[in-house]
Amino acid sequence: MTVPVSYYIILSAIVFLTGVVGVLIRRNIIAILLSVELMLNATNINFVAFSDHLQDLGGQVFVFFALTVAAAEVAVGLAIIIALHRSRSTINIEEFNLLKW
Amino acid sequence: MTFAVGDLFLILPELLVITAACVVLVLDPVLRGPRKDVLVWFSLGTLAICMGVTASQVSGPTAIFSGLVIIDAYGAFWKLLLYFVTGLTILLSYSYLKEERLYFGEYYGFVLLALAGMMVMVSADDLLTIYLGTELMSLSLYVLAGLKRAEPRSLEASAKYFVLGAFSSGILLYGISLLYGATGSTRLPEIATAIASQGLSDPLLLLSTILLAVGFGFKLAVVPFHMWTPDVYQGAPTSVTAFMAVASKAASFGAFLRVFIEGLGGLKANWSAIFLLLCIATLLIGNIVALVQTNVKRMLAYSSIAHAGYALIGVVAAGRMEGSSGIASVLLYLALYTFMTFGAFAIVAMLRKGDIEGEEIEDFTGLSKRHPLAALLMLIFMVSLAGIPPTAGFVGKLYIFKSAVEAGMTWLAALGLIFAAISAYFYLRLVMVMYMREPIDHSDTAPHLVMSPTLSIVLACTVAGVVIFGVYPNPLVSFAMQAVLILK
């Protein structure tokens with residue numbers, strides 16, 4: 001018995017929307033970063049599910065690249081957050097008001 | 001799947017730029033003090049070589065690496081534009097970073113890495129390579145935006161850019177994954193074939209088109225996905241702002257057009273409707289909000305948003321008609337936009353008030369008395385941005401509006417014209433401040449322009465582009481037409 005591909009799409013849609021809502025409502029940059037990771041991982045679910053459904057390896061290759069890029073993104077993001085914390089002693093985005101948001 | 005060594009020669013410019021970036025990053029800690037200048041000339045030399053190689057590649061499309069990358073005149077057009085902008089950025093940064101006392105050799109490394117990402121974006125023919133190019137560009141730009149580590153505004157800009165950039169990449173990637181599911185491939189030509197054969201019935205297809213439009217909307221800074229632009233442009237070091245406003249916008253348009261014309265060309269009725277809404281919203285918000293800005297960098301940020309709106313008129317027109325003059329007008333517009341926007345940012349970067357940048361409109365008060373030449377150049381850039389003849393900005397708008405009329409949307413051209421008239425108000429207000437008011441501040445900290453040989457080269461190149469292409473745009477027009485014909 002196999003799980004139909006539509007189940008995976010629904011799962012990934014739920015994960016993706018959780019990430020989107022997280023980015024929009026969370027105020028802590030680390031939490032926002034984690035929500036972005038959720039969005040990226042939702043795409044990975046999609047790619048693997050479609051790859052299996054279509055019997056095409058392209059999707060799985062895409063996942064490797066997406067994971068690598070996500071790791072690089074976290075590295076740069078955390079570096080920026082550390083620099084920001086050093087200068088402002090906060091990572092709450094509501095307190096970043098030097099520039100009109 | 002085969003790996004042809006010959007393919008490596010075709011991506012020689014990309015390899016050269018990446019190698020140069022790595023060399024710069026490695027040499028930076030080794031070189032001390034003024035010897036770091038070597039890195040600047042090394043980067044410029046690399047760009048000159050790449051320009052030569054790419055100029056010889058303006059030819060028919062050659063798909064390489066199993067269709068991941070395509071070498072064609074379209075990509076060459078964007079690449080030549082990007083080399084030019086990067087060269088100007090490096091020259092401007094050379095004097096700007098000295099003035100800001102930022103002695104980071106890795107700055108040039110990141111500029112080159114961003115360039116490499118942009119080059120991949122415009123020559124990629126697969127959503128995977130487009131995504132990787134976009135990310136390489138964005139990650140380098142996040143770092144560059146936050147380079148003034150002592151300046152909280154710069155860090156804040158970097159953080160905001162990072163959060164919204166990562167968010168938009170997530171949306172873009174989700175759109176790509178759904179498109180892969182709907183069409184079974186990430187290669188643009190195969191996506192086009194799949195759409196042509198199975199029709200538009202799949203709801204996943206429409207959803208993925210919308211998500212891709214949103215993802216690219218963030219990168220292109222069109223309303224309502226523009227919120228990050230003014231903040232990031234204001235907070236980032238001005239040389240980086242100029243680079244972002246021009247190069248990253250050009251590269252994003254390059255990738256965006258290829259995805260939507262070549263890959264999703266079958267859905268053009270759907271996406272041209274989406275972009276029509278975005279285009280009108282962008283023109284409206286960009287031009288109206290710019291009216292009330294008091295900071296020149298913010299004003300130019302809204303101006304760059306508005307210019308993306310004008311370019312979108314060409315995209316909408318392309319979706320509504322046969323033939324390629326719509327796309328050609330977008331290429332032409334962005335090439336001409338480069339000269340005037342970069343020139344304006346160069347003057348803002350080098351106008352110093354004591355130790356900081358004079359970036360408020362007040363700081364330009366009476367500039368014509370103190371620096372008549374700089375005021376004249378700023379006047380030319382502002383007139384061109386407003387689209388008044390005989391400047392490059394007028395030619396760009398002329399071709400955009402002409403393609404809208406050809407597509408049967410005279411009302412859209414008229415709307416664009418009205419917004420251009422509104423925009424003249426805030427561009428010419430700056431001119432008025434420069435020419436019609438007496439300088440108020442006569443102390444040592446009064447805003448003054450720091451001239452340097454490299455800044456002179458930058459200003460000479462940009463003003464020459466604005467004036468020459470304003471009077472005689474034919475070479476650029478024919479290159480744009482040639483670059484576009486190959487794209488279906």
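Modeller: Let's open with a helix pair in this predicted model: H5(B) and H6(B) are roughly antiparallel to each other. Residues are numbered from 1 along each chain as its sequence is written, while chains are lettered from A and ligands numbered from 1 in the order in which they are written. The model being predicted, local features need pLDDT of at least 70 and side-chain atom pairs count only at pLDDT 80 or more, whereas totals for chains, interfaces and linings use all residues.

Biologist: At what angle do H5(B) and H6(B) pack, and how far apart are their axes?

Modeller: Two packed helices are described by the angle between their axes and the distance between the axes. Axes are lines fitted to C-alpha atoms, for helices over the stretch in contact, and angles run from 0 to 180 degrees between N-to-C directions. Under 35 degrees counts as roughly parallel, over 145 as roughly antiparallel, 65 to 115 as roughly perpendicular and the rest as oblique. Here H5(B), residues 106–123, packs on H6(B) at about 155°, with the axes 7 Å apart.

Biologist: Which residues of H5(B) and H6(B) meet?

Modeller: Contact means C-beta atoms, placed from the backbone, within 7 Å. Among them are B:Phe110 and B:Met121 in H5(B), and B:Ile130 and B:Leu144 in H6(B). The contact has 15 nonpolar, 5 polar and no charged residues. For the classes, Ala, Val, Leu, Ile, Met, Phe, Trp, Tyr, Cys and Pro count as nonpolar, Asp, Glu, Lys and Arg as charged, and the others, Gly among them, as polar.

Biologist: And how do H2(B) and H3(B) pack?

Modeller: Helices (H or I, at least four residues) and strands (E, at least two) are DSSP runs, numbered from the N terminus. H2(B), residues 12–30, and H3(B), residues 37–55, pack at about 175°, axes 9 Å apart. That makes the H2(B) and H3(B) pair roughly antiparallel. Their contact splits into 12 nonpolar, 3 polar and 1 charged.

Biologist: What is the strand order in the open sheet of chain B?

Modeller: Strands pair if DSSP finds at least two bridges between them. The order is S4-S3-S5, 3 strands with antiparallel pairing. S4 (356–357) and S5 (448–449) of chain B each have a single partner strand, so one side of each lacks a neighbour in the sheet. S3(B) and S5(B) pair over 2 bridges, and B:Arg352 has B:His448 in S5(B) as its bridge partner.

Biologist: How many residues does each chain give to the contact of chains A and B?

Modeller: Chain B gives 32 residues and chain A 35. On chain B's side, the largest share, 18 residues, comes from H7(B).

Note on methods. Contact = placed C-beta atoms within 7 Å.
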